[in-house]
Amino acid sequence: MSALDLLSVALMTIGALLLLLAAIGVVRMPDLFLRMSATSKASSLGAGCVLLAVAVSAEHAGVAWRALAGVAFLFLTAPVASHMIGRAAYLSGVPLFAGTVCDDLRGRYDAEHRLSSGDTPDGDAGRGDAEWTS
Amino acid sequence: MTVEWIALWVISPVLALAMLLALLRLLIGPSTPDRVVALDLLGAIGIGAIGVASVAMREEAFLDVAIVVGLVGFLGTVAFARYLERQA
């Protein structure tokens with residue numbers, strides 16, 4: 001095995017272990033937000049490591065660049081998706097872990113929040129500061 | 001031991017175990033956001049599995065599949081989040 005092969009195997013092992021860690025976290029953590037804290041970081045890093053291993057073991061430069069583009073795409077989209085799920089879950093009242101000591105968001109949001117781009121007929125006219133239609 | 005052998009017989013079982021654990025949370029998850037998070041994780045593990053398969057089979061075309069799975073998973077997660085927020 002050449003040095004590049006060893007690097008590829010090492011990156012694949014790290015990536016697979018990080019993905020396993022994310023899966024263990026999503027099963028063992030007591031609360032949705034702790035589960036997200038386990039998965040959103042470890043899963044993007046794990047899949048990124050595996051794609052990096054593909055890039056290292058690729059024979060053509062084009063394949064390596066495609067793998068790196070996949071890593072960049074993953075790192076751009078994973079935080080956005082996690083933020084959207086976390087926001088939707090908090091606003092829909094998912095219960096927090098009983099041992100939570102600090103909830104900085106409590107009372108600091110509009111409890112009657114609705115998406116302003118919704119297609120409901122009465123919508124949220126006259127509420128919020130980001131109105132596109134009036 | 002070649003890279004292909006290690007990818008097929010060492011890395012893939014680890015990813016399969018991770019997939020089973022994420023599937024467990026998808027089945028038992030008490031609330032809908034839990035299931036969405038598990039589905040998101042399942043998509044990420046799927047990207048990893050496709051990358052490992054691409055190394056194991058020396059098939060470079062699988063990489064495009066991994067990128068497309070990542071795109072579809074992201075769009076699905078965003079759609080689920082908007083659906084949940086509208087229902088809230």
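Residues are numbered from 1 along each chain as its sequence is written, while chains are lettered from A and ligands numbered from 1 in the order in which they are written. In this predicted model, local features need pLDDT of at least 70 and side-chain atom pairs count only at pLDDT 80 or more, whereas totals for chains, interfaces and linings use all residues.

Chain A has 3 helices and 0 strands. Helices here are DSSP runs of H or I of at least four residues, strands are runs of E of at least two, and both are numbered from the N terminus. Read from the N terminus on, the order of elements in chain A is α-α-α. The pLDDT, which is the predictor's confidence in each residue on a scale from 0 to 100, averages 85 in chain A. A score of at least 70 is reached by 83% of the residues. Over residues 123-134 of chain A the pLDDT is below 50. That stretch has 7 contacts in the model beyond near neighbours in sequence; two residues are in contact if their C-beta atoms, placed from the backbone, lie within 7 Å.

Of the 134 residues in chain A, 37% are buried. A residue is buried if 20 or more other C-beta atoms lie within 10 Å of its own, exposed if 12 or fewer, and partly exposed in between, with C-beta atoms placed from the backbone. Among contacts in chain A between residues at least 6 apart in sequence, 58% join residues at least 24 apart.

How do the helices pack? Two packed helices are described by the angle between their axes and the distance between the axes. Axes are lines fitted to C-alpha atoms, for helices over the stretch in contact, and angles run from 0 to 180 degrees between N-to-C directions. In chain A, the axes of H2(A) and H3(A) are 8 Å apart, at an angle of about 175 degrees. That makes H2(A) roughly antiparallel to H3(A). Angles over 145 degrees count as roughly antiparallel, under 35 as roughly parallel, 65 to 115 as roughly perpendicular and the rest as oblique. The residues that make this contact include Leu32(A), Phe33(A) and Met36(A) of H2(A) and Ala64(A), Ala67(A) and Leu68(A) of H3(A). By class, the contact of H2(A) with H3(A) has 17 nonpolar, 6 polar and no charged residues. Ala, Val, Leu, Ile, Met, Phe, Trp, Tyr, Cys and Pro count as nonpolar, Asp, Glu, Lys and Arg as charged, and the others, Gly among them, as polar.

In chain B, helix H1 (residues 3-28) and helix H2 (residues 32-56) have axes that come within 9 Å and cross at roughly 170 degrees. H1(B) and H2(B) are therefore roughly antiparallel to each other. Their contact is made up of 19 nonpolar, 2 polar and 4 charged residues.

A nonpolar core is a set of buried Ala, Val, Leu, Ile, Met, Phe, Trp, Tyr and Cys residues joined through C-beta atoms within 7 Å. The largest such core has 62 residues, of which Met12(A), Leu19(A), Ala23(A), Leu41(B) and Ile45(B) touch the most other members. Its largest share, 15 residues, comes from H2(A). Not counting residues up to four places away in sequence, Ile45(B) touches Leu19(A), Ala23(A), Leu15(B), Ala18(B), Met19(B) and Ala22(B).

Two residues of chain B are exposed. Trp9(B), in helix H1 of chain B, counts as exposed with 11 C-beta neighbours inside 10 Å. Arg58(B) lies in the loop between H2 and H3 of chain B and is exposed, with 11 other C-beta atoms within 10 Å. The phi of Arg58(B) is near 55 degrees, a positive value in a residue other than glycine.
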